[in-house]
Every structure is written in structure tokens, then in C-alpha cells.
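I opened this notebook to record what I looked up in one model.

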Amino acid sequence: QPKQAMEGGVETVSAKGGQTDLRDLTPDRLRDYVVSLGLPAKRARQIFTRLYHPGVRDFAQLGISREVTELLAKHASMSSLEPATVEKSADGTEKFAFRLADGAVIESVLIPEDGRHTLCISSQAGCAMGCRFCLTGGQGFVRNLRPAEIVGQVLAVMAHMVENGIQRATPRELLNNLVFMGMGEPLANYDTLLAALTILMDDHGLGFSERRITVSTCGIVPRMDDLGRDIRVNLAVSLHAADDAVRSRLMPVNTTYGLEALLAACRRYPLGKKKVILFEYIMLKGINDSLADAHLLAEKLQGIPSRINLLPYNGSGETEFACPDAAQTLAFQKVLREAGFNTFIRQSRGGDISAACGQLAGKS
Ligand code: SF4
């Protein structure tokens, strides 16, 4: 079993004999670590920058002096992820499965659209939240990911893109958007999420701006407040019902943080100019797809700068739910649009390779 360790408040599971994994460390923590090895603090910036070049997999590739390379190799580790499988959908969506050092499997999904690329990443192996329509939820919780395992998904997919001939002026332009909508509830792995975001957004790390990162939550209210206070990123909320009884049936989290508390947290969430909260609403036939549901949703979201994505259930056949008729979804959208909400119907991508929303189950 990998050894448990604490790094800067983040519980880590080291992949290599308990050594500190440099890719778990934010710039501040890396500086402390480098100094603890007797190196000058300014070395940390150089090491941090080079750690996040796609394709760098070991200390020798950092391009730093032999003496420092040997020192780091002696005391630390640098983990990287390699996809165990890559499946490509007919629509171009690619699903990557990663087997982690302890055997846990996580998945990431690369979604190309009009020359742009969005990467959907996982924050936990499995998920404890138990949403009834979600295959990840049905699988249960395995463990929290480390920062290196979150950022590692991004680096591995970037390296795969380069190896497959996708060219951009700089590596950081390969991915346009990152969304934390894969396996797991990101806010349930909060300290790690913050560390990973810090690395992803640092100019010397991967340089993602706040506009390009979206964290999605099922509604862990206290952590939504923490997120709004601690870092600037786009927020998405898996809403899926405008009625407490229906939402509690679909999403057990609603029995702890009901709609009133959730929507109050959305109203408090600090949004930048012209920013909105993305509300995701999976359309389930006969459960939450009536026009009365649409009117109730419009009423509940009144006053919240919103964008609503309607996600017709992808009908994987492994749950009791079904997808509504297209006409019903269009009528639902019309009600919301007439109430003034930017509302889009998002067809699932990658359904044929189980990469669509709610289909990630780590079975690859
Ligand atoms: Fe977890 Fe998200 Fe699935 Fe709910 S929808 S069980 S929060 S992965």
C-alpha cells in the first residue's frame, strides 16, 4: 500500500516509497521543499516551470544541473500519468483511462469542438455522493486524488495531443477549457482541488486563466462559500431539479443542503463582471421534465446570473431513467428562454464509448 503523508494540509498518497512528489506541491510548498534540501529558493521557480512542460516524465528531462537533478532524484519523486487506454468516439471525443499507482482507475474526456478542445477531468476515484442517474455515483467512493493526479491528467492529455499531431504555438494553448466534471465531487476533495487549481493557474505552471476553468459541484454549500473566497474560477452547479422532493430523490446531497441553501449560496458566490453560474439540468423522462418543472426552475433561479444547460439523459440503460422526447426538451427550453434565461440543449458527447455525462465508471 502507498504511504500516506501530509503536504501543506493536503493528504497525499505517495506513489514512490513515501517520497515527496514534486507535482503535488504548489509554488510556495515547492519553494519550502527546495530550501529544505539546502538549495537556494530561486531554484524552485526554475524547477516548477519545467515540471509542467508536457512530455516531461523524469528529473533528467528537467534540463537543470546534474547536481540538482541527482539531489532531487535522491529525495523526491515526480509522478506522471500514462493512459492505460484511449478510446475514440465517432464524434471525435476521446476517453482516457488512467490506472493509478494503487490500482484505482480514473477517467478524463477530451471533447473537440470547432477547433477548440475542452478537457473534462476527475477529482476523485469514484464518488461518495450517490447521484442516482450517475454511473460514477453507483460505483461508490474509492479515494481522493492527489494534486499530481489531477494535474497529471492534463499533462498526459496534452502530451497525447502533441503526439497525435495537434500543434499550437505553445503547449498551454492546446486545451481551451478545463472542466471538473469527470469522476468525483471536486469540493469533497477541497484542499487538493485548491492545490491543483493553483498549479494549473500559475503563470509558471500551466497558465490557465480563471475564464478557462470550471468547477462543478452537486451542491456542498459550505465549500461553495470557501471556493468563492479562496480562488476565482467559473462555477457550475448540478441542479437537476427545482423541487426539493425530486432533487432529494435524485441527489442524496439535497437532504443535507436543500435547494434554498444551495441557491442562497449561488446568490452569494462572487461573480466577476458578465459572469454567470452554469446550471446543469439532466432531463429525465417523467421525473423532472414537465413544463411545470420548467416554470418552477425559472422561478427558483430568478435574480441569479445564470446559464442553463439542459442535458437529455443519455440512456446508458444501466439506471432506471429514460430520456424525454426531443419535443418535450424543446418545450422546456422555450419556457426558460421566455423567462429570460440563456438556455441551451447540450447533446451528450462520446455516448458510444461511455464518455458522456454520468457515464464515467472507470471500467476501461
Ligand atoms: Fe458524484 Fe457528480 Fe456522479 Fe453525483 S453526478 S455521483 S457528484 S460524480
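**Basis.** I worked with a predicted model, in which local features need pLDDT of at least 70, side-chain atom pairs count only at pLDDT 80 or more, and totals for chains, interfaces and linings use all residues. Residues are numbered from 1 along each chain as its sequence is written.

I looked up the UniProt record, an unreviewed entry, which lists G184, E185, S216, S238, L239, H240 and N314 under "binding site". UniProt positions are in the numbering used here, feature names are shortened, and annotations may be inferred rather than shown by experiment.

**G184.** I located G184 in the loop between β11 (177-180) and α6 (190-201). Helices (H or I, at least four residues) and strands (E, at least two) are DSSP runs, numbered from the N terminus. G184 is buried because 29 other C-beta atoms lie within 10 Å. A residue is buried if 20 or more other C-beta atoms lie within 10 Å of its own, exposed if 12 or fewer, and partly exposed in between, with C-beta atoms placed from the backbone. Beyond four places in sequence, G184 is in contact with S122, S123, Q124, C127 and N189; contact means that C-beta atoms, placed from the backbone, lie within 7 Å.

**S238.** I found S238 in strand β13 (residues 234-238). S238 counts as buried, since it has 26 C-beta neighbours inside 10 Å. Residues up to four places away in sequence aside, S238 touches S216, T217, C218 and E280.

**Sheet.** I traced an open sheet of ten strands with mixed pairing, in the order β5-β6-β7-β8-β11-β12-β13-β14-β15-β16. Its edge strands, β5 (83-88) and β16 (342-345), each pair on one side only. Two strands pair if DSSP finds at least two bridges between them. β11 and strand β12 (residues 213-217) pair in the parallel sense over three bridges, and F180 has V215 in β12 as its bridge partner.

E107 lies in strand β7 (residues 105-113). E107 counts as buried because it has 28 C-beta neighbours inside 10 Å.

Methods. Two residues are in contact if their C-beta atoms, placed from the backbone, lie within 7 Å.
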